[in-house]
Amino acid sequence: MTASKFYALVMFPYPSGNLHMGHVRNYAIGDVVARYKRMRGFDVLHPIGWDSFGLPAENAAIRHKTHPAEWTAKCIERMTKQLKSLNLSYDWDRAVTTCNEDYYKWTQWLFLKFFEQKIAYRKEARVNWCPGCQTVLANEQVKEDRCWRCESKVEEKPLEQWFLKITDYAERLLQDIEKLSGWPEPVKIMQRNWIGKSEGVVIEFPILKHGESKLTVYTTRPDTLFGVTYMVLAPEHPLVDALTKGTEHEKAVKTFQEKVKHETMHEREKNLIKEGVFTGAYAINPANNEEIPIWISDYVLMEYGTGAVMAVPAHDQRDFEFAKTHNLPIKHAEPFTGEIGKQKVNYRLRDWLISRQRYWGAPIPIIYCEKCGIVPVPEKDLPVKLPKNVKLTGKGASPLAQVKEFVETKCPRCKAKARRETDTMDTFICSSWYFYRYCDAKNKKQAFAKDKVDKWLPVDQYIGGIEHAILHLLYSRFFAKFLYDQKLVPTDEPFTNLLTQGMVIKDGAKMSKSKGNVVDPDEIIKKYGADTARLFILFAAPPKKELEWSDKGVEGCYRFLNRVKRLVTESLEPANKLRGSNERGNRDVQSQVSEPNITKVLHQTIKGVTEDIERFSFNTAIAKLMTFVNVLYNSNTSIGNWKLEIGNLLLLLSPFAPQTADELWKKLGNKNSIHKEPWPAFDPELTRENEITIPVQVNGRLRDTIKVATEADKETILNAAKSTEKIKNFTTGKQIIKEIYVPNKLVNLVIK
RNA sequence: GCCCGGGUGGCGGAAUUGGUAGACGCAAGGGACUUAAAAUCCCUCGGUUGCAUAAGCCGUGCCGGUUCGACUCCGGCUCCGGGCACCA
């Protein structure tokens, strides 16, 4: 029988040149999972790589007068050293680097697949332009009208660009969220909201004195049809011209349209007073034949629904505000219950804009021919290599457009002179399929072999930052579905379980250069070693929560590891040496722990640590190891007898502090690496206490505790509880009306 | 505005199904060892009354409810963090 597979994946880093604490946290968590699963006998895939295309490298190269390829290579070299210094158990042979030809060749190949299936297409649209990055951005990459990366204010520009038709998958992306039982609820909610499904109807309103022309609106509330008092069109709506041409309203409408044209979506949204003008035309409410005025206003968006709405000010906040501003009637009406219009589903999700007007990305493998039009680069001609000799200024059009040798080519179909596409792909494309490439990282003939991805996918545990709740995690789900449809991968969801780690903060704020609160992992590793750094990061907070950095806390973890080391050293000394009281201060003899109890605590610790790791409660797992070490230190028995306990302690410690655990393991006389050992098992019988302390409450308030044998029956325990001095003080002269006994948990006496 | 998280000692956090609130670590105080310091080891450590390591009262953001019993469940607020934001 072969071992079950386990794919432990961490979000691969962008090679900025510096590992930061967020990385350390992500990778420490991932490494604990990988090491633990390995010890549990799983065949574990735990890879790492580099998300190495992207703007920062291009900008850094310009600043440092070097080439992005060289800059990136240096950064990767540096960060590889840093990662290796953390003793992360990666399979380095599988490392992928998205800016290498052998990777982006297949990114381009995937683009061709999308193109074949008409998922990749070109269209002109008003797109988000970031003046800081000098490129366009996808909707997902704009946060509150600012660029997610450089925080410049995003502008809108009408441009012809490449898109991926992610909207074709909107319904499946939404439905399959149900399948993601191993994902955190907030992430799923964010994705649902982003997709933004709404179900409604499309209703046609005839227009008065305009023959057959009709006004089509989309509404989720057809029941409010009787309350409609006016109609509103988006300023760009195609009917506007026909309605106003040659009328007294034409001029005012044109002026308004001009004004709106120069505003971005966000500016429009910020307008507190809803502006608009009357078109002079009227529509007829199909439900009651009322004549209602048609207005235009910037609060109606051309991009959503039909670009026209029926306004029900009695029901809708925005309609209400508009009606008040422009003195339009507000009508409270009976609900409309008839059948009208056609069912229609709308989504807020827009297609993914993937063109980027920058150099450091995978070239879009497309050729424009005057005769043949848009021609995909034939597969055999891949990769379309990024030319090395480029002038990078960070300004103006796509840098590739300046490279004559790149642009000028022949049409693959008719062999006539043709031009290459000069935009590159959004780097989120590169990161949407890297976890497939890991399975077959060196394949020269394919992006990945089917049997390899069949073996490893889906990812059993994915770990990364919440900041990708929509971005990377939505794109990757989309890719998975497309690749699944192409029968290239085995599942239509890529990640079975997702753990979103919290940020690392210091002095209450995110670590950042501008705040000057950055802690350099290198310095911590140099001073205390990688194990201390890992241990602290895992101990200071549960993975999902924010982690407050504390230099003192780091020292505490350092002390703990030294305590473990000392324990091992002392255990190797002659067995007759007791942990005598003379070297331990004047401790209460009763607090010392005797031999059989150590066995019990060992088994309790194995049980507790195992369960804690399973539920990602690493902080409490480590706390239990500390408790165990404290118990050993407090023991009154010969330390020479602790071989078994100390061996197990090291095994339990090994996923957290791999280097220390292995060194000490060898010191104990073991020849093989601790990391090849199986995870320790516990005996449930041996974890049992033979005497337990039971709290005794009177009217729900703790009054005393009693010690009883674990097997003691209800009657014995209740009698014992009622007969203690303290309890008697509360109960004498009173009537016990109820006796509550929760087995092995507590006694509560209700008195009157 | 809407949708998610979250408020527990001086601090980070624990309490897994409603059952001894504060595990573990940090900081603080005391002690042992030492010529001394560092390191190490031990003890105390939510607030309050109290000589007390006697006993009691209060205590998990606030107000109320359910329950023998609530950090945990329910209703209403409040503050902090995050996401979305004219999507008809």
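The lining of the largest cavity comprises six nonpolar, six polar and five charged residues. In this classification Ala, Val, Leu, Ile, Met, Phe, Trp, Tyr, Cys and Pro are nonpolar, Asp, Glu, Lys and Arg are charged, and the others, Gly among them, are polar. The structure is a predicted model, in which local features need pLDDT of at least 70 and side-chain atom pairs count only at pLDDT 80 or more, while totals for chains, interfaces and linings use all residues. Residues are numbered from 1 along each chain as its sequence is written, chains are lettered from A and ligands numbered from 1 in the order in which they are written, and side-chain values use heavy atoms, with hydrogens and water left out.

Rolling a probe the size of a water molecule over the atoms shows where empty space is left. On a 1 Å grid over the protein atoms alone, a cavity is a set of points where a 1.4 Å probe fits but cannot get out, and lining residues have an atom within 4 Å of a point. Grid points are joined across faces, edges and corners, and a volume is the space filled by probe spheres set on the points. By this rule there are two cavities of 30 Å³ or more.

The largest cavity has a volume of about 180 Å³. It is lined by 17 residues, of which G54, L55, R149, R356 and T427 are the closest to its centre. Two or more lining residues come from each of the elements α2 (55–63), β6 (135–137), β23 (424–425) and α12 (427–430). Helices (H or I, at least four residues) and strands (E, at least two) are DSSP runs, numbered from the N terminus.

The second largest cavity holds about 30 Å³ of space. Its lining consists of T107, L110, F111, F114, L164, I354, M425, I429 and F479. By class, eight of these residues are nonpolar, one is polar and none is charged. Helix α4 (residues 101–116) gives the largest share of this lining, four residues.

Helix α4 also packs against helix α15 (residues 471–485), at an angle of about 70° and with the axes 12 Å apart. α4 is therefore roughly perpendicular to α15. Axes are lines fitted to C-alpha atoms, for helices over the stretch in contact, and angles run from 0 to 180 degrees between N-to-C directions. Angles under 35 degrees count as roughly parallel, over 145 as roughly antiparallel, 65 to 115 as roughly perpendicular and the rest as oblique. The crossing of α4 and α15 is left-handed, a term for a near helix turned anticlockwise from the far one by less than a right angle. In the contact (heavy atoms within 4.5 Å), L110, K113 and F114 of α4 meet F478, F479, F482 and L483 of α15. This contact has six nonpolar residues, no polar residues and one charged residue.

V187, Q191, W194 and I195 on the α6 side meet L473, L474 and R477 on the α15 side. Five nonpolar residues, one polar and one charged make up this contact.

A further helix pair is formed by α18 (residues 551–571) and α22 (residues 658–667), whose axes come within 10 Å and cross at roughly 5°. α18 is therefore roughly parallel to α22. L561, V564, K565, V568 and T569 of α18 make the contact with T660, L664 and K667 of α22. By class, the contact has four nonpolar, two polar and two charged residues.

Several features of the backbone lie in loops. L382 and P383 are joined by a cis peptide bond, with omega about -5°, and P383 is in the loop between β20 (373–376) and α11 (404–407). Another cis peptide bond joins L457 and P458, with omega about 0°; P458 belongs to the loop between α14 (450–456) and β24 (461–465). N87, a residue other than glycine, has a positive phi near 55° and is placed in the loop between α3 (68–85) and β4 (96–97).

Notes: 1 Å grid on protein atoms, 1.4 Å probe; cavity = no way out; pocket = protein on both sides within 12 Å on 5 of 7 lines; lining within 4 Å.
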